[in-house]
Amino acid sequence: MSMRKRAVATVTAALLGAGAIGLAMAPAADAAPYHGIDGGGVVSDDFQDEENLGVDDHANGNATALWQSVLYADGAQWQDDDGDWHNFAKSQIDGSFGPQTESATQWWQERYGLTDNDGVVTDQSWEFAQQWLHGPFSGGTVRYDGDKRDVDFKRVGGKYRVKLKGTGPWRNAYYDQLG
């Protein structure tokens with residue numbers, strides 16, 4: 001090897017080494033904390049300590065889509081402005097907590113005799129719903145056994161995942177992120 005190539009190799013090695021030391025000494029970037037439905041430990045306590053959902057609380061997010069999946073599974077109904085009742089449909093699992101989701105949540109709360117029956121998903125609703133969770137099964141699948149149908153969620157790395165409109169790709173169940 002020529003003297004020039006050796007000098008270039010030595011300088012390159014020194015610079016790479018210094019870079020590695022600099023990287024090792026640099027503080028690790030703080031990862032943003034997960035702000036969604038937790039899925040660590042046993043499934044029977046997955047919905048403990050979850051945040052409120054409603055028209056004023058995390059109204060647009062994948063966590064709302066997870067809740068809408070519960071409403072759909074239990075055959076919830078919502079009332080329109082004319083007083084007519086409608087079934088909460090799979091197509092309404094869109095992650096937007098609007099008047100139809102609020103009405104269906106209130107119907108659900110009243111059906112199961114919950115004292116918090118104002119259409120806002122609070123600890124009482126989460127804890128009642130969690131008793132119908134089963135799993136995890138193969139691939140991290142968690143099943144919600146609804147009164148009308150079952151729906152599946154996924155738990156991957158301690159995070160719940162849901163499908164919007166019950167189809168498509170799995171999405172992390174973030175409180176403030178939709179899609």
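Mentor: Welcome! Two strands count as paired if DSSP finds at least two bridges between them, and strands themselves are DSSP runs (E, at least two residues), just as helices are runs of H or I with at least four, numbered from the N terminus. This is a predicted model, in which local features need pLDDT of at least 70 and side-chain atom pairs count only at pLDDT 80 or more, while totals for chains, interfaces and linings use all residues. Residues are numbered from 1 along each chain as its sequence is written, and side-chain values use heavy atoms, leaving out hydrogens and water.

Trainee: How many bridges join β4 to β5?

Mentor: Five, and the two strands run antiparallel. Arg143 stands opposite Asp152 in β5, and a hairpin of four residues links β4 to β5.

Trainee: What is the bridge partner of Leu133 in β4?

Mentor: That is Tyr144. β3 (residues 133-134) pairs with β4 in the antiparallel sense over two bridges. Six residues lie between these strands in their hairpin, where Gly135 takes a positive phi near 130 degrees.

Trainee: Which residues have the most contacts inside the largest nonpolar core?

Mentor: In soluble globular proteins, nonpolar side chains tend to be buried together. A nonpolar core is a set of buried Ala, Val, Leu, Ile, Met, Phe, Trp, Tyr and Cys residues joined through side-chain atoms within 4.5 Å; buried means under 20% relative accessible area (1.4 Å probe, protein chains only). Here the largest core has 35 residues, and those with the most contacts inside it include Trp108, Tyr144 and Phe153. Its largest share, eight residues, comes from α2.

Technical notes
Buried means under 20% relative accessible area, exposed over 50%, partly exposed in between (1.4 Å probe, protein chains only).
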